[in-house]
Amino acid sequence: MASETGSDALVLYTNPMSRGRIARWMLEEIGQPYRAEILDFGAPMKSPGYRALNPMGKVPTLLHGETVVTECAAICAYLADAFPQSGLAPEPGSRLRGPYYRWLFFGAGPIEAAVSNKAFGLEVPPDRGRAIGYGSFADVMDTLEQAVGADEYLLGDRFSAADLYIGSHILWGLQFGTIEKRPAFEAYGARLGARPAARRADAIDNALIAQMQKAN
């Protein structure tokens with residue numbers, strides 16, 4: 001989308017080789033103008049100016065006017081509520097808010113932690129699973145398979161920001177081998193990856209990666 005200026009401007013601080021791809025997909029889904037500021041890893045993300053927005057020195061960070069939102073799940077939830085016309089979240093008070101929040105935070109908690117630990121070879125001893133929020137990697141994968149295999153989307157026939165967030169984890173994991181290639185995951189990922197907004201977001205970020213590689 002074209003860039004926006006003014007007190008309600010949407011600005012995404014990101015890098016095309018980061019979780020910022022999730023936030024860009026979400027912005028493409030809501031269909032509102034936004035501007036992307038591309039930050040290199042290292043010094044630019046750790047600069048005092050950027051840390052004033054995001055003390056973690058990581059991307060993505062979203063600015064909506066003077067409102068600062070970090071963490072991908074929070075960005076997805078915020079944008080879905082800030083732009084209800086996009087239909088990416090159940091209406092406030094709806095019982096569908098229950099499963100919507102459930103799976104959104106399942107992605108931010110158990111999936112993120114379990115997949116990251118697995119990628120770095122960190123395994124929870126079988127007798128200590130109850131001390132870890134996600135229990136075990138196998139439990140997380142089995143639960144995820146049940147969730148995405150039960151219907152077309154997590155909320156039945158309705159696509160939501162929870163699908164976008166969970167789907168991003170699945171697509172990324174399938175690509176890099178950190179999530180098992182189960183039929184339910186592949187079918188769900190294919191459905192979500194075919195969305196026009198997902199394709200637009202991928203095209204933008206892939207083009208940016210190609211530019212970076214050419215410059216180096």
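A nonpolar core is a set of buried Ala, Val, Leu, Ile, Met, Phe, Trp, Tyr and Cys residues joined through side-chain atoms within 4.5 Å, where buried means under 20% relative accessible area with a 1.4 Å probe and protein chains only. This is a predicted model, in which local features need pLDDT of at least 70 and side-chain atom pairs count only at pLDDT 80 or more, while totals for chains, interfaces and linings use all residues. Residues are numbered from 1 along each chain as its sequence is written, and side-chain values use heavy atoms, with hydrogens and water left out.

Of the 54 residues in the largest nonpolar core, Met 26, Leu 79, Tyr 100, Leu 144, Val 148 and Ile 170 touch the most other members. Leaving aside neighbours within four places in sequence, Ile 170 is in contact (heavy atoms within 4.5 Å) with Leu 144, Val 148, Ile 179, Phe 185 and Tyr 188.

Ile 170 is also one of the buried residues of helix 7, a helix being a DSSP run of H or I of at least four residues, numbered from the N terminus. Because 12 of its 16 residues are buried, helix 7 is largely enclosed by the rest of the structure. These buried residues pack against the following helices.

| Partner of helix 7 | Residues |
|---|---|
| Helix 1 | 20-30 |
| Helix 6 | 137-149 |
| Helix 8 | 183-193 |

Just after helix 7, Gly 177 takes a positive phi of about 75 degrees.

In helix 4, Ala 73, Ala 77, Ala 80 and Asp 81 meet Arg 97, Tyr 100, Leu 104 and Ala 108 of helix 5.

Definitions and conventions: Helices (H or I, at least four residues) and strands (E, at least two) are DSSP runs, numbered from the N terminus. Buried means under 20% relative accessible area, exposed over 50%, partly exposed in between (1.4 Å probe, protein chains only).
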